[in-house]
Structure formats: C-alpha cells, structure tokens
Amino acid sequence: MKDARRELIESGFCRVPDVLTPTILGHLRAATDALCATQTEEHAARFRAQGSMFALGGVEDPVFARLIAWRPALDALAAMGFPDPTYTDGYVISKPPRSPRLFWHYDWFAWDDPTAYAPVPQQVFLMYYLSDTAPENGCLRVLPGSHISHNPVHDLLAEPHSRDLSAGDDGSRAEFSTRPDEVDAPVSAGDVVIGDARLLHATHANDSDQRRTVITLWYQPDFASLPERIKAQMVAKTHEIPDAWPAESREMVRRLNPVYEGDAEPYGRCLYRRQRLPG
Ligand SMILES: O=C(O)CCC(=O)C(=O)O
C-alpha cells in the first residue's frame, strides 16, 4: 500500500481492487436501486449532471453503515499510513441510462487555510462503483496532480456544484469540456477509488442502457492533525446518523465521526484561489 499512498499524494487518486465482497455489493445494489426508485422528477432535474444526490444521513437501510465502517477499506487506509480516519458524510450518485457527463470540479472548501496547499490530503473520497465502469457508461475522469498544482481548468471553473451546473442546463460550458490532460479512471465493481478532495474530477456521460451508481463517502485521513477551523468545518458538515438504523449500526458510524470541542469558527465555503498553488 506504500505505492497507493505515493499515488494518492502525487497524482491525487489511487484505486484499491476487490475491497467489497459480492454479498455486500449485492446488498448495496438492492439498496441503491430502491433509493433511486424514489427519485422525484424535481430531484432528477436538479441533479441532472450527477444523476442523483441522495445524502446517506437520510437513508434508512443500515447497509450503508456497514459500508462506512467497512473493515477492508479502513485497513487499506491504515496500510497507506492513515490508521485513524474519521467519516463525515456520504452520497448515492446514480447516473441513469443515457445521461450526461458530470462537470469538472473539486470538493474541498477550506482553500483559505494555508494547509490547503500541503501534499498530504486533508480529506479523501472513497468512491464505490456498483458496476464495472468504462468511458461508455460514465466512468470517472481526473486531472492527475491538480490537487496540488494549478491546472488551466481552475481558471475556467465558476462555483463547483452550483445549481445551474448540477442541473446541466448548458453542456457547452467549459466545466463540461474534454481536457488534453484528462485521464479515465475505470474500475471493476467492488474496487474503491480513493481521491484527494482537491483533485479536479468529472465523468463521462452514461451512454449505456444500464444505471451507473457510485457511493461516495468522505473521510479525513488524519483528523487529529487538521487545523482547528477545518476540524470545526468537518464536524459542522457531518451527517446525522439516521434514527432508523439499529443501535449497532449507529454505533459503528458514531465511532468514526469526528469530534471537535474547541470554539474555532468553521470555515464557510472558501473557493480555490489561483495565486496559492504552484504550476
Ligand atoms: O459520479 C461520479 O462518478 C462522481 C461524482 C462526483 O464526483 C460528484 O458528484 O461530486
């Protein structure tokens, strides 16, 4: 896993194969299909570029608690030098058949903090795709190195995840473009993609006739080392644990949630500022 750590730090992402068992994969497919079946037209239109954006804080099926505390994934993080990660929030992002590409964006919102430019990630996504992915069905695209070096795409971005981008009203916007330095990150179902929250990423369109679902979970690899204001920000965004989950599931997640008892002001939504990153 030393190589995976190096890849994460240098490229901004890495893939760990075969993390999920066929059994949990089956449960997750059933749970996410059931969730997607509840999607309203309004939600589908609001998140057309993503497909869906169901927050796990509002989801009743406790299989998601098992995924959040999934031992092989936590072991993979430990082997990469992150033995004590915390978990804050997670989402089911599901692209229906024949749906558009996702826009370029980063998912880090504490760029005003000086540590935002350090090589070791403050926050990572663990993305579990529930089917094999390829460019034809909407696999992830990334700009390697863009988590710690300036990339021309940074200059083209407006507000990441803004309503109009998510609604995908204007596919000709630069955020939806194909980039000369982009790299596809296809996976097999059951692998996990670990990525730095600062990495610029997007997806291909799903041109297949099958749904393509990813569950994205956000962890802080070394919460204890984060500056106070970021700790406060992470705690502020932590999802409520659903009441519907059994006590054992709730406890598994509670143990991973970050705790901050200081009085630092959480960062708001600080966007990337060019002058700070090299390159
Ligand atoms: O759908 C994917 O593969 C990635 C989703 C994502 O990065 C997002 O919606 O922020």
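Analyst: Just after α5, Gly81 adopts a positive phi of about 100 degrees. This is a predicted model: local features need pLDDT of at least 70, side-chain atom pairs count only at pLDDT 80 or more, and totals for chains, interfaces and linings use all residues. Residues are numbered from 1 along each chain as its sequence is written.

Helix α5 itself covers residues 71-79. Helices here are DSSP runs of H or I with at least four residues, strands are runs of E with at least two, and both are numbered from the N terminus. Ala73, Ala76 and Leu77 of α5 are buried. They lie on the same side of α5, because their arc around the axis is only 100 degrees. That arc is taken over the directions from the helix axis to the C-beta atoms. An α-helix has 3.6 residues a turn, so residues three or four places apart point the same way. Buried means 20 or more other C-beta atoms within 10 Å of a residue's own, exposed 12 or fewer, partly exposed in between, with C-beta atoms placed from the backbone.

The buried residues of α5 pack against β1 (13-16), β5 (124-129) and β8 (192-196). Contact requires C-beta atoms, placed from the backbone, within 7 Å.

Now α2. In α2, Leu28, Ala31, Thr32 and Leu35 are buried. Their arc is only 95 degrees, which puts them on the same side of α2. On the other side, Pro22, Thr23, Ala30 and Ala34 are exposed. The cover over the buried residues of α2 includes β2 (54-55), α4 (63-68), β3 (86-95) and β10.

Technical notes
Two residues are in contact if their C-beta atoms, placed from the backbone, lie within 7 Å.
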